[in-house]
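Subject: Structure handover

Hello,

Here is the structure I promised to pass on. My notes follow below it.

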Amino acid sequence: MNFDRKAIRPFRIDIPQADVDDLIDRLARSRWSAQLPGAGRERGIPVDYLKELAEYWRTGYDWRAQEAALNEFPQFITEIDGLDVHFLHVRSPEPDALPLILTHGWPNTFVEFTKTIGQLSDPRAYGLDPAQAFHVVVPSVPGFAFSEGPKQTGMTVRRVAEMWVTLMDRLGYQRYGTQGGDLGAYVAPEMAIAAPDRVVGVHIDGGIGLPTEADVPTMSPDERAEWDQMQQWMSGGVDHHVLLHAAPQTFAHAWTDSPVGLLAWLMQKFDEFTPLADLAEDVMDRDHLLTNISLYWFTNTAGTSSWPMYVGLDGNGAFTWPVGQKLVPTGVYGGGSALMLRLAERDNTIAHWPEGNTGNHFIAMELPDMHAADIRAFFAKLR
């Protein structure tokens with residue numbers, strides 16, 4: 001019998017106990033660096049904080065409980081373009097639900113959306129309007145978690161979008177919405193470009209309307225002052241685009257061999273992506289963060305997930321903001337200033353630009369209620 005490459009196969013997470021024991025053993029035998037002089041976190045994650053977090057990961061965090069919770073979501077594997085793709089598919093009990101595909105970011109996984117899926121797929125159970133229900137699809141981007149990593153160079157955001165169009169077609173969905181933040185904010189509009197006859201709308205957490213040097217000559221004095229403030233914000237932190245573009249294999253050796261090294265790197269980035277709080281875990285659940293990090297460890301994907309930075313988010317090795325598209329309406333959770341709206345409308349048909357939404361970079365993890373509500377509000381305009 002020939003293997004059906006288009007088959008959708010049930011999947012269940014079952015990390016071997018030997019791998020769990022190995023992680024615990026490595027954490028117990030960690031070799032700690034000396035604390036460098038300096039105040040706070042000016043030189044990176046402090047040793048004392050990392051020791052406490054690693055000890056919790058070793059003795060307080062329960063992987064099996066988290067694994068069981070993840071397995072409550074129906075999961076599947078299917079091969080697309082020669083790669084096995086893992087995805088969650090949670091069908092709504094509401095017959096008129098709109099299919100919605102959510103794409104996670106970096107350094108995240110499908111775990112990013114686990115706190116929002118229920119509200120989106122079964123709003124009636126949360127006391128919300130059942131007319132705003134969704135059939136929710138959450139794929140793992142190639143090279144992340146349980147999706148197979150690219151086997152050769154050439155993976156791009158556009159290719160991922162085309163793979164997602166194939167996935168939705170394979171699931172029988174001919175009309176659907178797309179959503180994402182971070183890396184997902186690049187994939188979501190590319191899906192509209194790839195299949196404008198099927199995508200009813202694109203909702204992203206943010207990333208459009210942000211000015212570049214090319215926009216400076218068109219700015220008013222007030223807008224120029226805003227630009228100067230943005231420059232200070234955008235220049236902070238460790239530039240993972242530069243690091244993972246320059247030598248992803250080199251860094252992957254360390255992060256694959258040392259769970260403490262992986263923990264420090266990913267928490268450094270989560271903290272940087274949470275500028276409105278002192279620490280990421282001040283606004284995101286510690287176990288939620290550690291489940292995400294555990295998946296990177298158990299699936300050995302610190303290296304394979306680096307391709308967006310290596311090839312560049314424009315496909316040519318450079319960092320750019322998400323592309324605009326006027327083929328379908330766009331909604332943005334974060335909204336922004338009048339300057340950002342003006343620039344966003346240049347390349348997008350903005351149908352939803354709320355004021356007052358708050359939060360940091362990974363809204364679905366930090367404020368799942370607000371995130372789900374904003375998604376519902378946008379797509380309610382398009383049903």
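Twelve nonpolar, eight polar and seven charged residues make up the lining of the second largest pocket. Here Ala, Val, Leu, Ile, Met, Phe, Trp, Tyr, Cys and Pro count as nonpolar, Asp, Glu, Lys and Arg as charged, and the others, Gly among them, as polar. A pocket is an open set of points on a 1 Å grid over the protein atoms alone, with protein on both sides within 12 Å along at least five of seven lines. A lining residue has an atom within 4 Å of a point.

Please note that this is a predicted model, in which local features need pLDDT of at least 70 and side-chain atom pairs count only at pLDDT 80 or more, while totals for chains, interfaces and linings use all residues. Residues are numbered from 1 along each chain as its sequence is written, and side-chain values use heavy atoms, with hydrogens and water left out.

Back to the second largest pocket. It holds about 500 Å³ of space. That volume is the space filled by probe spheres set on the points, with grid points joined across faces, edges and corners. Of the 27 lining residues, Arg31, Trp32, Ser33, Leu50 and Val260 are the closest to the centre of this pocket. Two or more lining residues come from each of α2 (47–59) and α10 (259–272). The largest share is from α10, with four residues.

Rolling a probe the size of a water molecule over the atoms shows where empty space is left. A cavity is a set of points where a 1.4 Å probe fits but cannot get out. There are two cavities of 30 Å³ or more.

The largest cavity has about 40 Å³ of space. Its lining consists of Trp106, Leu244, Trp255, Leu262, Trp265, Leu266, Tyr296, Ala302 and Ser305. Eight of these are nonpolar, one is polar and none is charged. Again α10 gives the most, here three residues.

The second largest cavity has a volume of about 30 Å³. Pro189, Val202, Ile204, Ile208, Val323, Gln325, Thr330 and Asn348 line this cavity. They split into five nonpolar, three polar and no charged.

Next, the backbone. Trp106, in the lining of the largest cavity, is joined to Pro107 by a cis peptide bond, with omega about 5°. Pro107 sits in the loop between β4 (98–103) and α4 (117–121). Ala145 counts as buried because its relative accessibility is 6%. Buried means under 20% relative accessible area, exposed over 50%, and partly exposed in between, with a 1.4 Å probe and protein chains only.

Finally, the whole chain. It has 15 helices and nine strands. These are DSSP runs numbered from the N terminus: helices are H or I with at least four residues, strands E with at least two. Buried residues make up 53% of the 383. The C-alpha trace spans about 65 × 55 × 45 Å along its principal axes. Of the contacts (heavy atoms within 4.5 Å) with a separation of 6 or more, 75% are between residues 24 or more positions apart.

Best wishes
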